[in-house]
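Student: Could you take me through one part of this model slowly, strand by strand? I'd like to start from a single pair of facing residues and then see what else there is around it and elsewhere in the chain.

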Amino acid sequence: MKRNKLFLALLLSLSFHISSSRAADPVLATVAANNPETQLIDIYRDIGADRIAAAREKADALVAAYPHFRLGQLVRGDLLMMVANPIDSFGAAPNAPPDKMKDLRAEAMVRIHSLQQRPDPNLIPKAVLQVGADQKTVLLVDTKRSRLYVYANDGGKLRLQTDYYVSQGKLGTNKLREGDQKTPIGVYAVSGHIPGQKLPDFYGTGALPLNYPNEWDRRNKRGGSGIWLHGTPADNFSRPPLSSDGCIVLANPDIQSLYASTEVGKTTVLITDGVEFITKAAWNKEHKTFSDLIEEWSKDAENRDPGKLLANYSPRFRSGTGESLSTWFNRQQKTLNGVRGMTVKLSDVSLFLYPGEENVMVGTFTQETSVGKSKNITRKRQYWVKEDSGWKIVYEGTA
């Protein structure tokens with residue numbers, strides 16, 4: 001039986017890398033055997049090793065279990081084609097719609113490459129400087145790899161829990177306005193849970209709206225709305241990598257898993273054009289820099305020295321209502337006239353470097369201000385930028 005050597009060489013190379021990553025990665029090693037993506041990769045590995053009968057048997061099982069998984073149908077079609085004719089690419093069916101085949105090939109390669117490029121469990125996402133004690137998980141969407149990584153918060157330490165294939169905006173990232181079919185880049189919070197029964201079938205079995213546009217988006221005049229994480233229609237297991245109007249789209253079983261584990265107002269979603277990973281030592285240095293910033297600001301707020309406190313803020317500061325620094329700061333100070341013996345405590349502090357921006361950090365925390373027996377508790381968010389004179393606050397408001 002003659003088969004194309006170039007196609008087999010490609011799959012042999014892919015299967016070698018996938019096998020190596022699988023052996024070294026404890027997260028991938030614990031993925032359930034009935035996961036459709038795992039089954040798909042196993043099939044391609046069998047083809048690469050010229051185990052065609054085993055691959056065909058697995059492809060039949062995959063299609064039977066997930067009849068709407070079009071990529072599974074594609075690989076099964078390739079296997080049937082290989083019986084009679086040599087093939088040189090994924091999806092070699094004759095007379096198939098070229099645009100559909102292009103989309104399926106793109107999905108196949110994205111899925112395979114994402115498993116070749118698994119995050120090193122000994123490295124930490126650079127953008128995640130600190131996770132609040134009230135946050136169980138952090139979600140990182142890597143649009144370059146069409147992947148969503150779920151990191152668990154184990155006592156302040158990040159642990160890669162699982163990851164999913166995702167689709168994004170048809171025209172890529174860096175959303176600027178309504179209808180541009182782009183996915184935003186930034187730091188967002190899950191702002192709601194919408195069950196599937198309250199949604200049209202297009203959105204699948206559930207949706208997690210995000211707080212786009214956030215404070216930084218509005219400051220930079222980025223428009224649009226309705227950016228969600230959501231599922232797929234019942235007749236389609238997954239979508240091509242670039243296929244949404246700006247939302248992040250997952251398979252229905254995956255969105256259901258996220259739906260159950262995310263918390264409204266607490267779970268943070270970072271959307272980035274590429275997750276950068278650093279060593280523990282490098283992360284410790286970054287973390288100390290920014291945790292010290294927040295700590296020094298809280299001490300200045302507690303000591304109530306207007307000059308020292310004001311030095312934490314940038315002349316470019318604007319409040320959520322557009323107030324200048326002097327107007328906003330003077331109004332804040334008036335509310336504390338005559339106050340003595342004030343204490344300021346911060347808790348549930350989360351710190352993130354802002355994706356797609358040079359030298360921007362966003363911090364969110366609970367601030368408890370006490371004067372005698374009186375206490376005021378506020379959830380607050382700050383955006384810090386690096387200027388010539390150091391890191392300064394350009395926005396502060398309630399979260």
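Tutor: Start with Pro 209, whose opposite number in strand S10 is Trp 228. Keep in mind that you're looking at a predicted model. Zoom out a bit and you get an open sheet of 4 strands, ordered S8-S9-S10-S12, with mixed pairing. At its edges are strand S8 (194-195) and strand S12 (248-249); each has a single partner strand, so one side of each has no neighbour in the sheet. Helix H8 (residues 252-261) packs on this sheet, touching S8, S9 and S10, and its direction makes about 55° with that of S9.

Now go back to S10, which spans residues 228-230 and includes His 230. Is His 230 buried or exposed? Its relative accessibility is 2%, so His 230 counts as buried; the cut-off for buried is under 20%. Leaving out residues up to four places away in sequence, His 230 touches Phe 202, Tyr 203, Gly 206, Ala 207, Arg 239, Cys 247, Ile 248, Val 249, Leu 250 and Ile 255.

For some context, the protein chain has 11 helices and 18 strands. Of its 399 residues, 50% count as buried. Among contacts with a separation of 6 or more, 61% are between residues 24 or more positions apart.

Burial is also the thing to look at in strand S3 (residues 137-142): 6 of its 6 residues are buried, so the rest of the structure largely encloses it. Both faces are covered, with Thr 137, Leu 139 and Val 141 buried on one side and Val 138, Leu 140 and Asp 142 buried on the other. Next to S3 is strand S4 (residues 147-154), paired with it in the antiparallel sense over 6 bridges, with Val 138 opposite Tyr 151. The hairpin of S3 and S4 has 4 residues between the strands, and Ser 146 there takes a positive phi near 50°. S3 also pairs with strand S13 (residues 268-272), this time in the parallel sense over 5 bridges, and there Leu 140 stands opposite Leu 270.

Next, the antiparallel sheet: 5 strands, open, in the order S2-S15-S16-S17-S18. Strand S2 (128-130) and strand S18 (390-398) are at its edges with a single partner strand each, so one side of each is left without a neighbour in the sheet. From one strand to the next, the twist averages 25°. Helix H9 (residues 280-303) packs on this sheet, touching S2, strand S15 (342-353), S16, S17 and S18, and its direction makes about 150° with that of S15.

Within that sheet, strand S16 (residues 360-371) and strand S17 (residues 374-387) pair in the antiparallel sense over 12 bridges. Gln 367 has Thr 378 of S17 as its bridge partner, and Val 371 stands opposite Ser 374. The hairpin of S16 and S17 has 2 residues between the strands, and Gly 372 takes a positive phi near 65°. S17 then goes on to S18 through a hairpin of 2 residues; these strands run antiparallel with 8 bridges, and Glu 387 faces Gly 390 in S18.

Last stop, a helix pair. The axes of helix H3 (residues 36-48) and helix H4 (residues 52-65) come within 8 Å and cross at roughly 160°. H3 and H4 are therefore roughly antiparallel to each other, and the crossing is left-handed. On the H3 side, the contact is made by Pro 36, Gln 39, Leu 40, Asp 42, Ile 43, Asp 46 and Ile 47; on the H4 side, by Ile 52, Ala 54, Ala 55, Lys 58, Ala 59 and Leu 62. Sorted by class, the contact has 9 nonpolar, 1 polar and 3 charged residues.

Terms used. Residues numbered from 1 in each chain as written. Predicted model: local features only at pLDDT ≥ 70, side-chain atom pairs only at ≥ 80, totals over all residues. Heavy atoms only, no water. Pairing = 2+ DSSP bridges. Axes fitted to C-alpha atoms, helices over the stretch in contact; angles between N-to-C directions. Contact = heavy atoms within 4.5 Å. Parallel < 35°, antiparallel > 145°, perpendicular 65-115°, else oblique. Left-handed = near helix turned anticlockwise from the far one by under 90°. Nonpolar A, V, L, I, M, F, W, Y, C, P; charged D, E, K, R; others polar. Buried < 20%, exposed > 50% of the residue type's maximum accessible area, 1.4 Å probe, protein only.
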